[in-house]
Amino acid sequence: MSATKRDNRLTFVQNFSCTAIAGVTARTLISPLDVAKVLMQVGTKDTHEGLMKSFTNVYRTQGLRAFWKGNLMGCLRMVPFSAIQFSAFHRIRQHLAEENGRMVPVNAMAAGCMAGMVATLVTYPTDMVKTRLIVQNVKRKRYKGVFHAFSLIVREEGLLAFYRGMLVSLLGSFPYTLVTFVSYETLDQLWNKPSYLYTPLQSLFNGCMAAAIAQTACFPFDTIRKKLQAQSPVIRDGGGVDIQFRGAIMAARMTIAKYGFWGFWRGNLANMCKIVPYSGFMFMTFEMLKRSMLHQNGYTASLLDSTPKPGIDQTMAPNELQAWMKRHT
């Protein structure tokens, strides 16, 4: 889900910078919810009494900074993941697009799914390390930081350890893309108008609802993936995982045995709670940065107001506007 939309009045670097800064800001602000989600999925001792008690337990045993465990790795991962996904999508699009350059819905869904899989394959080790950093106790650190985690895991568990749970993640990408696509198509019927006429609030609502539906439907894949990532034969408590297993299928069976089918959705409440604030924070940060850059580029009269500057053609690209301004000054 994206809470931002490319604006042709900004350069590529400006658009990318706005999106990256907005993403990092939003992710940092909702980090406590993300930590609670992952800990509940893995099943650490702090989370056995429910979501609200989990916050209390983590704060009591590890302190306030524990709610930002893994945040640096999560933020660092966002840029390469988005860049790879964007590049892969446009390369795949060249092969699936019609002669007019457009893609039919099925091809667009397939391109999005394959692009996501490519980005997942390339950046998966960073997600695995983020999980390990979140699960560890900050007062009894095994990993002293991002780089130490990479080096220690390689030394003790080998390179393949970075790809535990990757197959589950890839399998989950198919239903996730399908449910997201169907959700958007269904939600679009609510407004009875083309998507390009949506207000920002309508776009935000559709994005949040589609994400909530898709993530809830595919949450079992994410839960098993997190258990596989956290599990370690060299850590005394097995990585803090609440069940003993070998492989994804056994992990699923043992989760059902311990919690019932609802065990696959442990942590989903925390996940649902972070969708709206994440999108809202990202949207607001992006819009603030965009407003500043539009004023810098000469499209608006004030930093505090997005009203177009009189006499300026808002359809011109930044380089075209600069050339026009030079000719008329």
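On the surface of the predicted model, a nonpolar patch is formed by Phe12, Val13, Phe16, Val79 and Phe86, which together have about 480 Å² of accessible area. Two elements, helix H1 (12-29) and helix H4 (71-96), each give two or more residues to this patch, and H1 gives the most, with 3 residues.

The aromatic side chains were examined next. A pair of aromatic rings is described by the distance of the centres and the angle of the planes. Across the whole structure, 8 aromatic pairs are found. One of them joins phenylalanine 55 and phenylalanine 67 in a tilted arrangement, with 5.8 Å from centre to centre and 35° between the planes. Because phenylalanine 55 lies in helix H3 (residues 51-62) and phenylalanine 67 in the loop between H3 and H4, this pair ties together parts that are 12 residues apart in sequence. With regard to accessibility, phenylalanine 150 is partly exposed at 22% relative accessible area, whereas phenylalanine 162, at 4%, counts as buried. Elsewhere, Phe261, Trp262, Phe264 and Trp265 are linked into a cluster by ring pairs.

Charged groups are also found over aromatic rings. The charged end of arginine 9 is positioned over the ring of tyrosine 299, at 5.9 Å from the centre of that ring. Lysine 258, in turn, lies over the face of tyrosine 259, and the distance to the ring centre is 5.6 Å.

Salt bridges form a further group of contacts. Side chains of opposite charge can pair when their charged atoms come close. A search of the whole structure gives 12 salt bridges. Among them, glutamate 157 and arginine 164 meet through their side chains at 2.7 Å, N to O. Glutamate 157 is buried, with a relative accessible area of 15%, while arginine 164 is partly exposed, with a value of 22%. In another salt bridge, the closest N and O atoms of arginine 225 and aspartate 222 are 2.2 Å apart. Both of these residues lie in helix H9 (residues 219-230), where they are 3 residues apart, about one turn of the helix. Both are also buried, arginine 225 having a relative accessible area of 14% and aspartate 222 one of 13%.

Aspartate 242 and lysine 227 likewise form a salt bridge, in which the closest N and O atoms are 2.8 Å apart. Since aspartate 242 lies in the loop between H9 and helix H10 (248-259) and lysine 227 in helix H9, the pair ties together parts that are 15 residues apart in sequence. Aspartate 242 and lysine 227 are both buried. Salt bridges with shared partners also join Lys37, Asp127, Asp222, Arg225 and Lys226 into one network.

Two residues were considered in terms of their surroundings. Serine 169 is found in helix H7, and its relative accessible area of 17% places it among the buried residues. When neighbours within four places in sequence are left aside, serine 169 is in contact with Thr120, Tyr124 and Arg225; Arg225 is also a member of the salt-bridge network. Glycine 116 lies in helix H5 (residues 105-135) and counts as buried at 13% relative accessibility. If residues up to four places away in sequence are not counted, glycine 116 touches Phe81 and Gln85. Between glycine 116 and threonine 177, the separation is 61 residues in sequence and 9.1 Å in space, taken from C-alpha to C-alpha.

Notes. Residues numbered from 1 in each chain as written. Predicted model: local features only at pLDDT ≥ 70, side-chain atom pairs only at ≥ 80, totals over all residues. Heavy atoms only, no water. Patch = residues over 30% accessible without salt bridge, like charges linked within 9 Å, V, L, I, M, F, W, Y side chains within 5 Å. Areas by Shrake-Rupley, 256 points an atom, 1.4 Å probe, with all protein chains shown as cover. Salt bridge = Lys/Arg side-chain N within 4 Å of Asp/Glu carboxyl O. Helix = DSSP H or I, 4+ residues; strand = E, 2+ residues; numbered from the N terminus. Phe/Tyr/Trp six-rings, centres within 6.5 Å; stacked < 30°, edge-to-face > 60°. Buried < 20%, exposed > 50% of the residue type's maximum accessible area, 1.4 Å probe, protein only. Lys NZ or Arg CZ within 6 Å of the ring centre and 35° of its normal. Contact = heavy atoms within 4.5 Å.
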